[in-house]
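Here are my notes for your read-through. Please check each point against the structure as you go.

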Amino acid sequence: MNKKYFGTDGIRCRVGQGMMTPDQVLKLGWATGRVLKARGASKVLIGKDTRISGYMFESALEAGLIYAGVDVLLLGPMPTPAVAYLTRTFHADVGIVISASHNPHYDNGIKFFNEQGLKISDEMELAIEAAFDEPLLINNKLDELAALGRAQRVSDAPGRYIEYCKSTYSLSEKLDGLHLVVDCAHGATYQVAPHVFEELGARVTSIGDKPNGLNINQGCGATDLSALIDKVKEEKADLGIALDGDGDRLMMVDDTGRILDGDDLLYILATQTYAQQAGVVGTLMTNLAIENALKHKGLDFVRANVGDRYVMQELKKRNWLLGAEGSGHILCLDKSSTGDGIVAALQVLSVMRSSGKNLSELIHGVEKYPMQLVNVKVIKPFDLNSDPELVKAIEAFNANYAGQARVLIRASGTEPVVRVMVEASDEKVVSNYVEKLSGLVKKAFS
């Protein structure tokens, strides 16, 4: 059954449009509350990032949930993984995050976690959608007002989460002597991330730590590393850590300014901390050089669809612990129930400490293949197998460059384009084939 409102990571769109209006969010809170009450549940946590619209949506969600008879604990600005963790520790039935992650301030969204700190099931999302589509019930009976929920603020949420993050760093040797630049993306980690690393002994220079409601992810954080690179070089720091607006993504920069994305960090963790695991999970977009390097180290590698939800599904199916997306979502399931940028950074730092190597040395010898991605506008519905010429070209490509090149052609789920991606060890092969294949897609479907 297709979902009407939920996407792959909750609900998200421009503020003032679609589901992201105050009245719709209030009704979403009421619908969620009705589903929970029907299942015997009664307590919800709400956290948010630093977008100015978060205040409005926090109040709307709170009102809807209370009207449905559910108690609410308000965390204020907190990273998404912190909400997942605190949902478990407070024994809440659901945790809700008001955030649009790495998007600009004018977008916002709603994410849901279950009592275990995992994304809620498709079945529960469908139940919430069904309740949302019912008329909002009006209650004018004064004797039933006692059935309303209650709300309270949690004053010590940042401290609780800081201590949890620190507990995932298991080495007795702390971070003394390391100089880190930490970019909080003017987002939800601004009041916790610097403290975590400082309390473990590091010297920390913070940037992106002055949110004003409008500057989240603006020229900073995991989606724009230029400011971090400049600051690492200026401070002559050992490395830089970039988080995104809600704290579930991680990018790192070494002392020379080289960027290490989720693919690079997956390789470091897989070959060091998680080397005894049978395998790890990446996505359809994971660089082929990383896959080949992992297999050379004796690790199985499985590709999931793009999205940390699908990486999680593959990990659970195989009982593995480590998975990642190139965008910086890193799942360390022995440490956290969801992607956590701070926790993932601590695992990389522990590898540095235990090995005595810096980031450059840990990734030495692994050079990612050149890759190009082209978006082709289409008019007709895309079905790769329906065009014999395109199928033949892909088969010839795979036969000629097996193991040293890869092509991925898929329709966008959000706009009328087909994404054509080619990567190979030879940059000329990439440019030639991305042009050829995108031309065939355009010819057949535009």
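**Notes on a strand and some salt bridges**

1. Aspartate 9 is buried, with a relative accessible area of 17%. The cut-off for buried is under 20%. Keep in mind that this is a predicted model.

2. Aspartate 9 forms a salt bridge with lysine 119; their closest N and O atoms are 3.0 Å apart. Aspartate 9 sits in the segment before β1 and lysine 119 in the loop between β5 (107–114) and α4, so the pair ties together parts 110 residues apart in sequence. Lysine 119 is partly exposed, at 21% relative accessible area.

3. Glutamate 125 and lysine 3 also meet through their side chains, in a salt bridge of 2.6 Å, N to O. Glutamate 125 belongs to helix α4 (residues 122–132) and lysine 3 to the segment before β1 (11–14), so this pair links parts that are 122 residues apart in sequence. Glutamate 125 is buried at 2%. Lysine 3 is partly exposed at 28%.

4. The structure holds 33 salt bridges. Another one joins aspartate 156 to arginine 160, with 3.1 Å between the closest N and O atoms. Shared partners link Asp9, Arg12, Lys111, Lys119, Asp246, Asp248 and Asp308 into one salt-bridge network.

5. Now strand β9 (residues 239–243). Five of its five residues are buried, so the strand is largely enclosed by the rest of the structure. Leu239, Ile241 and Leu243 point one way; Gly240 and Ala242 point the other.

6. What pairs with β9? Strand β7 (residues 179–183) runs parallel to β9, joined by four bridges. Valine 181 stands opposite glycine 240. Strand β10 (residues 250–254) pairs with β9 in the antiparallel sense, over five bridges. β9 and β10 form a hairpin with six residues between them, and glycine 247 in the turn has a positive phi of about 80°.

How values were computed. Residues numbered from 1 in each chain as written. Predicted model: local features only at pLDDT ≥ 70, side-chain atom pairs only at ≥ 80, totals over all residues. Heavy atoms only, no water. Buried < 20%, exposed > 50% of the residue type's maximum accessible area, 1.4 Å probe, protein only. Helix = DSSP H or I, 4+ residues; strand = E, 2+ residues; numbered from the N terminus. Pairing = 2+ DSSP bridges. Salt bridge = Lys/Arg side-chain N within 4 Å of Asp/Glu carboxyl O.
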